[in-house]
Amino acid sequence: MTQDRVREIHERDARSILVRGWESPLEPPDTVVTFDAGFVATYRGDCPYLPLYVTTPAPDGRTRQRFDTRTLPDAIDHVAEVLRDDGFVGLWLRQHPHLVDCLHAVRVNALERRLADIAADTGTTLVTWTDATTTANDAVYDDTVES
């Protein structure tokens with residue numbers, strides 16, 4: 001994905017955008033906060049624990065806060081605080097398929113809704129990056145970009 005394509009996505013007249021079939025760039029613009037799911041879940045009994053990361057631009061690079069699926073509400077609160085305080089223009093939900101594989105669909109749908117609400121409240125654009133076949137909470141998104 002080129003930076004021009006990323007710019008085009010953010011210039012759309014939408015508050016929440018679902019990007020289907022494109023991988024997000026490894027390095028987002030400095031105006032974007034990322035909410036990432038990790039790649040490897042651990043299981044205790046039948047309950048999966050997936051690492052979650054909220055990454056924000058900082059003067060000396062990027063700052064990453066680690067959470068997991070047990071502390072998902074804390075991760076959401078952290079996103080809300082960062083977006084309220086620092087005036088970023090974008091919030092990227094990345095590795096969406098990992099969330100869907102690890103968590104119940106109702107939890108992922110609620111996460112998408114909550115992040116969209118936070119983005120709308122803070123004047124930020126939510127961009128969710130997913131693959132071509134993973135289901136998403138389509139009602140959350142104003143626009144969809146497909147590969």
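# A first look at the strands, rings and pocket

The charged end of Arg 64 sits over the ring of Tyr 53, at 4.5 Å from the ring's centre. Welcome to this structure, which is a predicted model.

**Strand 2**

- Strand 2 covers residues 32-37, and because six of its six residues are buried, the rest of the structure largely encloses this strand.
- In a regular strand, side chains alternate between the two faces of the sheet.
- Here, Val 32, Thr 34 and Asp 36 point one way from strand 2, while Val 33, Phe 35 and Ala 37 point the other way, and all are buried.
- With strand 7, strand 2 pairs in the parallel sense over five bridges, and Phe 35 stands opposite Leu 93 of strand 7.
- With strand 5 (residues 51-58), strand 2 pairs in the antiparallel sense over four bridges.

**Strands 5 and 6**

- Seven of the eight residues of strand 5 are buried, so this strand too is largely enclosed by the rest of the structure.
- Strand 5 pairs with strand 6 in the antiparallel sense, over eight bridges.
- Val 54 has Gln 65 of strand 6 opposite it.
- These two strands form a hairpin, with two residues between strand 5 and strand 6.

- How many of the five residues of strand 7 are buried? The count is five of five, so strand 7 is largely enclosed by the rest of the structure.
- From strand 7, Gly 90, Trp 92 and Arg 94 point one way, Leu 91 and Leu 93 point the other way, and all are buried.
- Strand 7 runs parallel to strand 8, and four bridges join the two.
- Gly 90 has Thr 125 as its bridge partner in strand 8.

**The aromatic pair**

- One aromatic pair is found in the structure.
- The ring centres of Trp 92 and Trp 129 are 5.0 Å apart and their planes stand at 65°, so this pair is edge-to-face; planes over 60 degrees apart count that way.
- Trp 92 belongs to strand 7 (residues 90-94) and Trp 129 to strand 8 (residues 125-130), so the pair ties together parts that lie 37 residues apart in sequence.

**The largest pocket**

- The largest pocket holds about 420 Å³ of space.
- Its lining is made up of 24 residues, and those nearest the centre of the pocket are Glu 23, Ser 24, Phe 39, Arg 94 and Gln 95.
- Which elements give two or more residues to this lining? They are strand 2, strand 5, strand 6 (61-68), helix 3 (96-102) and strand 8.
- Strand 2 gives the most to the lining of the largest pocket, with three residues.
- By residue type, the lining of the largest pocket divides into nine nonpolar, eight polar and seven charged residues.

- Gln 95 sits in the loop between strand 7 and helix 3.
- Most residues other than glycine have a negative phi.
- The phi of Gln 95, however, is near 55°, a positive value in a residue other than glycine.
- Ile 17 is part of strand 1 (residues 16-20), and at 0% relative accessibility Ile 17 counts as buried.
- Between the C-alpha atoms of Ile 17 and Leu 52 there are 21 Å, and along the chain the two residues are 35 residues apart.
- Ala 139 has its place in the loop between strand 8 and strand 9 (143-146).
- With 65% relative accessibility, Ala 139 counts as exposed, since the cut-off for exposed is over 50%.
- The C-alpha atoms of Ala 139 and Ala 105 are separated by 14 Å, and these residues are 34 residues apart along the chain.

Conventions
Residues numbered from 1 in each chain as written. Predicted model: local features only at pLDDT ≥ 70, side-chain atom pairs only at ≥ 80, totals over all residues. Heavy atoms only, no water. Phe/Tyr/Trp six-rings, centres within 6.5 Å; stacked < 30°, edge-to-face > 60°. Lys NZ or Arg CZ within 6 Å of the ring centre and 35° of its normal. Buried < 20%, exposed > 50% of the residue type's maximum accessible area, 1.4 Å probe, protein only. Pairing = 2+ DSSP bridges. 1 Å grid on protein atoms, 1.4 Å probe; cavity = no way out; pocket = protein on both sides within 12 Å on 5 of 7 lines; lining within 4 Å. Points joined across faces, edges and corners; volume = space filled by probe spheres on them. Nonpolar A, V, L, I, M, F, W, Y, C, P; charged D, E, K, R; others polar.
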